[in-house]
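Here's a quick briefing for anyone opening this structure for the first time. Have a look at the model, then read on.

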Amino acid sequence: MNKTITVKGVGTASVKPDYITIRLEIVSMDKDYSKSVNNANKRIVTLQNALSKVGYAKEDLKTLSFRVSPSYEKKLAIYHCRYSLKLSFDLDTKRLAETINAIANSDADAQFMIMFTVKNPGKVNEQILKSATENARQKAEILCAAAGVNLGDLVSINYDWGEVSFVSASTYSMNRDMVRCASTPAPEFEPDDIKSEDSATFVWEVK
């Protein structure tokens with residue numbers, strides 16, 4: 001049986017955010033199913049119209065999910081219609097302030113969360129995996145040298161294709177009344193770098 005060495009390689013990356021994603025949620029409730037859905041749809045149109053005034057196209061607002069679920073009060077059904085949406089654009093804090101102002105001043109009553117991320121996560125993930133590979137080989141070579149053996153051919157790579165987060169830890173929020181105040185200046189905001197990591201397990205022969 002061939003002798004082997006198994007090493008876990010860890011790769012990291014620290015990159016500046018270059019993209020903003022705003023996650024929005026519209027929730028409508030009514031005893032009548034159709035009224036609940038129609039009210040939610042009207043509020044989405046209201047939101048689209050508000051965003052169009054600051055330069056967004058209707059198709060820029062993407063639907064992530066749609067769900068209607070009933071809850072019961074005294075045996076009467078209340079239908080909760082819930083839309084999850086997103087709006088993404090290149091990182092520009094002035095553009096962000098303008099967009100938030102449009103959302104807050106509309107009658108859509110949308111709840112929202114702002115995330116600073118990267119436009120091309122695949123490129124960053126590639127950087128992390130290369131780093132993990134280099135890290136694993138370096139560890140394997142150190143261990144083999146310490147053990148007085150030589151590193152041989154690569155036998156296998158085990159990688160869990162889980163999703164890696166590419167979101168900055170920085171948060172951006174403003175009081176709703178302040179957002180609605182036209183004189184409120186856009187803050188000078190520099191989000192923190194995104195720090196992500198991933199790992200893979202490598203098996204080499206030893207000689």
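Strands (E, at least two residues) and helices (H or I, at least four residues) are DSSP runs, numbered from the N terminus, and two strands pair if DSSP finds at least two bridges between them. This is a predicted model, so local features need pLDDT of at least 70 and side-chain atom pairs count only at pLDDT 80 or more, while totals for chains, interfaces and linings use all residues. Residues are numbered from 1 along each chain as its sequence is written, and side-chain values use heavy atoms, with hydrogens and water left out.

**Around strand E2**

- E2 covers residues 19–30 and is joined by 12 bridges to E4, residues 76–90, with the two running antiparallel.
- In that pairing, Val27 sits across from Arg82 of E4.

**The open sheet**

- Three strands, in the order E1-E7-E6, make up an open sheet with antiparallel pairing.
- E1 (4–15) and E6 (151–158) are at the edges with a single partner strand each, so one side of each has no neighbour in the sheet.
- From one strand to the next, the twist averages 35°; for angles like this, axes are lines fitted to C-alpha atoms (for helices, over the stretch in contact), and values run from 0 to 180 degrees between N-to-C directions.
- Helix H3 (residues 121–147) packs on this sheet and touches E1, E6 and E7, its direction making about 140° with that of E1; contact here means heavy atoms within 4.5 Å.
- E1 and E7 run antiparallel and are joined by 12 bridges, with Thr4 opposite Glu205 in E7.
- E7 (residues 194–206) is also joined to E6, through 5 bridges and again antiparallel; there, Ser156 faces Val203 of E7.

**Two loop residues**

- Where is Asn120 placed? Asn120 is in the loop between E5 and H3.
- Asn120 has a relative accessible area of 44%, so it counts as partly exposed; the scale is buried under 20%, exposed over 50% and partly exposed in between, using a 1.4 Å probe and protein chains only.
- Asn120 and Asp18 are 102 residues apart along the chain, yet 9.1 Å separates their C-alpha atoms.
- Asp109 lies in the loop between helix H2 (93–105) and E5, and is partly exposed too, at 42% relative accessibility.
- Phi of Asp109 is near 55°, a positive value in a residue other than glycine. Most residues other than glycine have a negative phi.

**The largest pocket**

- The largest pocket has a volume of about 310 Å³. A pocket is an open set of points on a 1 Å grid over the protein atoms alone, where a 1.4 Å probe fits, with protein on both sides within 12 Å along at least five of seven lines, and lining residues have an atom within 4 Å of a point. Grid points are joined across faces, edges and corners, and the volume is the space filled by probe spheres set on them.
- Which residues lie nearest its centre? Out of 14 lining residues, they are Arg23, Thr117, Glu163, Phe166 and Val167.
- E2, E4 and E5 each supply at least two residues of the lining, and the largest share, 3 residues, comes from E2.
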